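Subject: Structure for you to look at

Hello,

Here is the structure I said I would pass on. Please open it beside this message and follow along; my notes come after it.

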Amino acid sequence: MTYMNVKLKNSEVLHLVRKPGLRSWSVFIGILSIGLGVVVFSHEDDSMLWKLFCFSCGVLGAFLSLDDWEECILDRKKDLVQLKRLSLVERVVFARKESCNVVTAPLSHVIDAQMAEDEVKFFGKAKYLLLVFKDGYSLPLTIKATRGSGENHLAVLNFIQDFLQICEADRSTEPIKIEKSEVPEEEDNSSTTSSSSCSFEKLPADEAEEIEIAS
């Protein structure tokens with residue numbers, strides 16, 4: 001399993017992607033099966049309205065439990081940083097291929113890429129990557145922080161720093177500290193894509209768990 005995968009990499013564009021992983025899909029199928037099981041094994045006297053309600057709750061819970069599809073696009077030609085997030089509800093219910101959750105910023109304002117470390121109560125430390133801007137703010141590449149050795153994060157971080165042409169002397173591989181947050185929901189560690197037909201450059205994997213980055 002990887003933090004993110006490289007969909008496209010050349011001198012002008014670096015495109016990183018992520019999709020729901022095996023654990024996320026397993027939870028999705030499990031919740032959906034519970035809703036279906038309630039309908040199938042319910043008492044004969046139960047009304048159809050009650051069965052429909054139980055099944056609908058199962059479908060809704062399954063949809064909401066699945067990880068989002070996420071993308072990070074660094075485009076030197078357009079001077080653009082674009083972060084996208086697309087949920088299963090948007091893909092299926094609203095039949096959207098493009099996400100409404102898009103954050104953009106000038107690529108020329110990016111001065112560094114760093115790995116951040118979030119101290120999460122009861123779960124320990126979790127890592128994720130940040131783009132640092134000269135205006136004094138930073139943007140996380142994903143909404144999930146990942147527990148593990150950090151090898152996945154370092155591999156992606158090196159890709160970004162190489163693309164940004166950050167000098168070796170100015171590079172930092174040590175995670176910066178983030179203040180404690182409340183216990184988030186655990187999610188599956190995965191890579192992302194907006195199309196199943198796309199090919200990806202696989203990055204080193206390690207055993208890890210994911211938690212949502214505290215806002």
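Asp79 is partly exposed, with a relative accessible area of 33%. Here buried means under 20% relative accessible area, exposed means over 50%, and partly exposed is in between, with a 1.4 Å probe and protein chains only. Asp79 sits in the loop between strand 3 and strand 4. Its phi is positive, about 50°, although Asp79 is not a glycine.

Two notes on the source. This is a predicted model, in which local features need pLDDT of at least 70 and side-chain atom pairs count only at pLDDT 80 or more, while totals for chains, interfaces and linings use all residues. Residues are numbered from 1 along each chain as its sequence is written, and side-chain values use heavy atoms, with hydrogens and water left out.

Overall layout

The protein chain has four helices and 12 strands. Both kinds of element are DSSP runs numbered from the N terminus: helices are H or I with at least four residues, strands are E with at least two. Of the 215 residues in the protein chain, 45% are buried. Contact means heavy atoms within 4.5 Å. Among contacts between residues at least 6 apart in sequence, 67% join residues at least 24 apart.

The cores

In soluble globular proteins, nonpolar side chains tend to be buried together. A nonpolar core is a set of buried Ala, Val, Leu, Ile, Met, Phe, Trp, Tyr and Cys residues joined through side-chain atoms within 4.5 Å. The largest one here has 31 residues, and those that touch the most other members are Leu16, Leu74, Leu129, Leu131, Leu141, Ile160 and Leu164. At least two residues of this core come from each of strand 2 (13-18), strand 3 (69-75), strand 4 (80-86), strand 6 (110-120), strand 7 (124-133) and helix 4 (151-164). A second, separate core has seven residues, including Ala62, Phe63, Leu66 and Leu88.

Leaving out residues up to four places away in sequence, Leu141 touches Tyr3, Met4, Leu16, Glu70, Cys72, Leu83, Leu129, Leu130, Leu131 and Ile160.

The buried ones include Asn152, Phe159 and Gln161. Gln165 follows helix 4 and has a positive phi, near 60°.

His153 is in helix 4 and counts as buried at 2% relative accessibility. Beyond its neighbours within four places in sequence, His153 is in contact with Tyr3, Met115, Lys127, Tyr128, Leu129 and Thr146. His153 and Tyr128 are 25 residues apart in sequence, and their C-alpha atoms are 6.8 Å apart.

Lys127 also comes up with Ala145: the C-alpha atoms of these two are separated by 5.1 Å, and they are 18 residues apart along the chain. Ala145 belongs to strand 9 (residues 144-147) and is buried, with a relative accessible area of 1%.

Helix 1

Helix 1 (residues 22-40) has 19 residues and reaches 26 Å from its first C-alpha to its last, close to the 27 Å expected. Ser24, Phe28 and Gly35 are buried in helix 1. They cover an arc of only 40° around the axis, which puts them on the same side of helix 1; the arc is that of the directions from the helix axis to the C-beta atoms. The buried residues of helix 1 pack against helix 2 and helix 3 (88-92). The face turned away from the buried side carries the exposed residues Leu22, Ile29, Ile34 and Val40.

Charged residues

How many salt bridges does the count come to? A salt bridge is a side-chain nitrogen of Lys or Arg within 4 Å of a carboxyl oxygen of Asp or Glu, and the count comes to one. Asp68 forms a salt bridge with Arg85, with the closest N and O atoms 3.1 Å apart. Asp68 lies in the loop between helix 2 (48-65) and strand 3, and Arg85 in strand 4, so the pair ties together parts that are 17 residues apart in sequence.

Asp75, in strand 3, is buried yet has no salt bridge. The nearest side chain of opposite charge is Lys78, 4.4 Å away; Lys and Arg count as positive and Asp and Glu as negative, while His and the chain ends are not counted.

Regards

Technical notes
Expected span 1.5 Å × (residues − 1).
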